Amino acid sequence: MHVLFEEDGAFKAATIVTDNDSSLQVETVSGKRSKIKATNVLLRYSEPVPTALLDQAEVLASEIEPDFLWECLGDDEFSFSDFASEYFGHTGTAVETAALLLALHSAPIYFHRKGKGRFRKAPAEILQAALTGLEKKRQQALSIERMVGQLTAFSLPPEFPPILGQLLYRPDRNRGETKALEAACSETGLTAAHLLEKCGAIRSAYDYHLQRFLLEQFPRGTAFPATEAPQFPKGLPRADVQAFSIDDATTTEIDDAFSLQTLPGLGWRVGIHIAAPSLGIAPGSPLDEIARARLSTVYMPGSKITMLPNTAVERFTLSSGREVPTVSLYLTVTPELEITACESRLEIVPVVANLRHHDVEPQFNEQTIANGLPEFPFRDELLTLWHLANACEGRRGKPSAMQGNHDYNFRIDGDLVDAEACRVEISARRRGSPLDKLVAELMIVANSTWGGLLAHKGVPAIYRVQTGGKVRMSTSPQAHEGLGVKQYAWSSSPLRRYVDLLNQWQLIACLTGETPPFAARSDALFAALRDFELTYSAYAEFQRAMERYWCLRWLRQQGMDTIAATIVGRENLARLDHLPLTQRVPSAPDLKPGERIRLRIESIDYLTLALGCRYVETLAPAGTAEDGAEDETVEAMG
């Protein structure tokens, strides 16, 4: 005798060796003997042999239509063995009975299991819903198969364009389109981005990176909602100064300006004037909500996304020929360049000039200062402020800028809508120039002085803190070791950073004796700090990525097969000449920082921003590497 039994969710046939009341010892086809419970036995039979039963039953079961079975059954629970006799019109053979069991078991949407060998047919409405679902899955499978075929032929399925952003950046693996894309990627060996690029779905690599960033940081778009232009405050005194700013050529959000007045017999009165949008933007106002949501201006080569609408920027930017409200810090400076007094004021300041680096630096640099400055506008003011900056730097005991490092300016010629047709020019500007030092030192003076005032008055603020080499934001006025100051509160870029705008509200309240809008330990203050740190970091990472993209474009644009580089870090981290581009070179021998090498450019991938380089030769012995460390003072220059 043989038995058909169920074990671990599968049907098995075996020969009985020992038959007890509650259990049996059986021998399977493989010769293995095992003990099974009698309750697991579904059918006892004498023929055919176990090796043939399930094979023959599966063939017969494939001929049984579940629709017909369902029609034949009533609504009551039934046993498969009883129903076998009814279905076949005679007492079912072992093969027939087993075939019916397999047919019932393989159609769970038609027949619901109610125990060992027992079933009940599904109610009509439940069956219909299940059949509809099956048909939907079948159609989806066909659709996926079609889309896979189109993708592997590098043709974009019509379902893809409306959801390209989701497929590229936030794929939903429950969608058929995502399943098709993953299957096509597996077949072609391409990433999703590379495959969709070959299908013509990605306008350009530039657009690919930009859209990823916008989806993450600006899911509702970058357009500003309609808001009323902020108004100048009334009743502010007009300063009797001639203020001028110092910025690069592309700066439109001009936050800071300077003035210099001679005090006969005493020295000078130095004015540091910071744009005051906080005097026209109230906490909790629509413009505040906009700035709070964006938290900073986003910079990228050839473009930017401002924190504030143009109407607000144009109202408060320190453009020449205008009189604008500022928060001013006046320093009384002796002929020995000691700062003996300081005073903060809210006032209207006339701005008479916007000096630009490219215009001034050819006339005002280390060489011209050493040789005697030629005549040019604001020559004497710049020279005096530069001497003051040197004195401030000396008192801090920290350098204003990393000597020998460079800032890189990107000029994009063409319409970024068609970025592939644009040309990029990259120029290096050495850090630590007299203009850099002048601006950096005066910003450090302003931010540290106002930070100290806020701390002394007990007015909450957000500080930039550096201890143990780590820079972070804090509501506690702790030291900034990298700058050599007791406290440092960002307050000098309120048009471009929300922390500065917030600190300016707090500072104005401190100067006017009003209640600060942000209380100590308030949830709003901590939330602004947390969100700013995360967002500012994300913006900076995006800026670095876009700079890398344009560096790679420059390499191809210049038709460069090889390029020189300098080892600047461990594991052969090299900085390529003329570019803010670093690259590890595993193929190079173990080299020391400062050594010069030549690299062969083997591959460039604009989508992944990967650069493939191979070491060619060493050009020079170890020297002084260009330091890539973060320069907090350049950041302070705003």
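## Salt bridges

The side chains of R379 and E375 meet in a salt bridge, 3.3 Å from N to O. E375 is exposed, with a relative accessible area of 64%. This is a predicted model. In total, the structure holds 28 salt bridges.

R44 forms another salt bridge, with D19. Their closest N and O atoms are 2.8 Å apart. R44 lies in strand 5, residues 41–45, and D19 lies in strand 2, residues 10–19. The pair therefore ties together parts that are 25 residues apart in sequence. How accessible is R44? R44 has 40% relative accessibility, so R44 counts as partly exposed. D19 is partly exposed too, with a relative accessible area of 44%.

## A bridge between distant parts, and a network

K304 forms a salt bridge with E253, and here the closest N and O atoms are 3.3 Å apart. The pair links distant parts of the chain, 51 residues apart. K304 sits in strand 13, residues 303–305. E253 sits in the loop between strand 9 (243–247) and strand 10 (256–263). Is E253 buried or exposed? E253 is buried, with a relative accessible area of 2%. K304 is partly exposed, with a relative accessible area of 27%.

Salt bridges can also join up. E6, R113 and K116 are linked in a network of them.

## A sheet of three strands

Strands of a sheet pair through backbone hydrogen bonds, either parallel or antiparallel.

How many bridges join strand 7 to strand 8? There are four, and the two strands run antiparallel. Strand 8 covers residues 118–121. Within this pairing, G115 stands opposite R118 in strand 8.

## Aromatic rings

The count comes to 24 aromatic pairs. One of them joins F213 and F218. Their ring centres are 6.0 Å apart, and the planes stand at 55°. That pair is tilted. F213 is buried, with a relative accessible area of 5%. F218 is also buried, with a relative accessible area of 7%.

Ring pairs link F68, F78, F83, Y87, F88 and F119 into a cluster.

## Charges over rings

Two lysines lie over aromatic rings. The charged end of K121 sits over the ring of W70, 4.0 Å from its centre. K198 lies over the face of F154, at 4.9 Å from the ring centre.

## Cysteines without disulfides

How many disulfides does the count come to? The count comes to zero. Take C392: the closest cysteine sulfur is in C342, 12 Å away. A disulfide needs the two sulfur atoms within 2.5 Å, so the sulfur of C392 is too far for a bond. C392 is buried, with a relative accessible area of 6%.

C510 is in no disulfide either. The nearest cysteine sulfur to that of C510 belongs to C342, and it is 12 Å away. C510 is buried, with a relative accessible area of 15%.

## Helix 16

Helix 16 runs over residues 498–512, a total of 15 residues. What span should a helix of 15 residues have at 1.5 Å a residue? The expected span is 1.5 Å times one less than the number of residues, so helix 16 should span 21 Å. Its end C-alpha atoms are 21 Å apart, which agrees.

What follows helix 16? G513 does, and the phi of G513 is positive, near 80°.

Q140 has its place in helix 5, residues 124–152. At 32% relative accessibility, Q140 counts as partly exposed. Q140 and Q557 are 417 residues apart in sequence. In space they are 45 Å apart, C-alpha to C-alpha.

Terms used:
Residues numbered from 1 in each chain as written. Predicted model: local features only at pLDDT ≥ 70, side-chain atom pairs only at ≥ 80, totals over all residues. Heavy atoms only, no water. Buried < 20%, exposed > 50% of the residue type's maximum accessible area, 1.4 Å probe, protein only. Phe/Tyr/Trp six-rings, centres within 6.5 Å; stacked < 30°, edge-to-face > 60°. Lys NZ or Arg CZ within 6 Å of the ring centre and 35° of its normal. Pairing = 2+ DSSP bridges. Salt bridge = Lys/Arg side-chain N within 4 Å of Asp/Glu carboxyl O.
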